[in-house]
Amino acid sequence: MMRIGHGFDVHRLVAGRPLILGGVQIPYKYGLLGHSDADVLLHAVADAILGALALGDIGRHFPDSDPAYKDADSILLLDQVVALAESRGYQVGNLDATIVAQQPKLLPYLEQMVNNLAKVCKVSSENINVKATTTEELGYTGRGEGISTHAVVLMTAAG
Ligand code: MG
């Protein structure tokens, strides 16, 4: 038994915030704005897992009106989503994500993002892929106004 899910998220880039992607803090002049740590990669992955299980989205499970999630570490949010999936009898099979960012260059950080995702999703890093693309300076990501991420995940019945 397998179920597929898709996630998409965007956060705005602003001064005075750290840039955290896939649990990795990346040196850059801007960071992502959000109620939590605004880790757009982890949010897209969490939404993909919830989507696969027809459990809505992270906004429903972790409302941004709730002070408990102010500046929350999104690794912990994703950990709760993985636990929720486990409680429904599913584990991550494999996942693939694409970060859309004009700057900064993300290649040096992708391996650490994969390792972080593998750990929280409790799978081997061979089952996780994270890639990055620019949009050739087109659109809001191309102008550097924000960073978005697309993710797809295949969930498999545990055991
Ligand atoms: Mg988000």
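Biologist: Which residue in strand 4 does L13 stand opposite?

Modeller: L13 stands opposite L32 in strand 4, and V14 stands opposite G31 in strand 4. This is a predicted model, where local features need pLDDT of at least 70, side-chain atom pairs count only at pLDDT 80 or more, and totals for chains, interfaces and linings use all residues. Residues are numbered from 1 along each chain as its sequence is written, and side-chain values use heavy atoms, with hydrogens and water left out.

Biologist: What makes strand 1 and strand 4 a pair?

Modeller: Two strands pair if DSSP finds at least two bridges between them, and strand 1 and strand 4 share two bridges in the antiparallel sense, so they meet that requirement. Both are strands in the sense of DSSP runs, numbered from the N terminus (E, at least two residues; helices are H or I, at least four).

Biologist: How many bridges join strand 1 to strand 7?

Modeller: Strand 1 and strand 7 (residues 146-157) pair over 11 bridges, in the antiparallel sense, with H6 standing opposite V152 in strand 7.

Biologist: What is the order of the strands in the open sheet, and which are the edge strands?

Modeller: The open sheet has five strands in the order 4-1-7-5-6, with mixed pairing. Strand 4 (31-32) and strand 6 (128-133) are the edge strands, because each of them pairs on one side only.

Biologist: Where does helix 4 lie?

Modeller: Helix 4 (residues 107-121) lies across strand 5 (90-100) and strand 6, and runs at about 145° to strand 6. Such angles run from 0 to 180 degrees between N-to-C directions, with axes fitted to C-alpha atoms, for helices over the stretch in contact.

Biologist: Why are helix 1 and helix 3 called roughly parallel to each other?

Modeller: The axes of helix 1 (residues 40-52) and helix 3 (residues 74-87) come within 10 Å and cross at roughly 10°. Angles under 35 degrees count as roughly parallel, over 145 as roughly antiparallel, 65 to 115 as roughly perpendicular and the rest as oblique, and helix 1 and helix 3 are therefore roughly parallel to each other.

Biologist: Which residues of helix 1 and helix 3 meet?

Modeller: With contact meaning heavy atoms within 4.5 Å, L42, H43, V45, A46, I49 and L50 in helix 1 meet S74, I75, L78, V81, V82, L84 and A85 in helix 3. The residues of this contact divide into 11 nonpolar, two polar and no charged, where Ala, Val, Leu, Ile, Met, Phe, Trp, Tyr, Cys and Pro count as nonpolar, Asp, Glu, Lys and Arg as charged, and the others, Gly among them, as polar.
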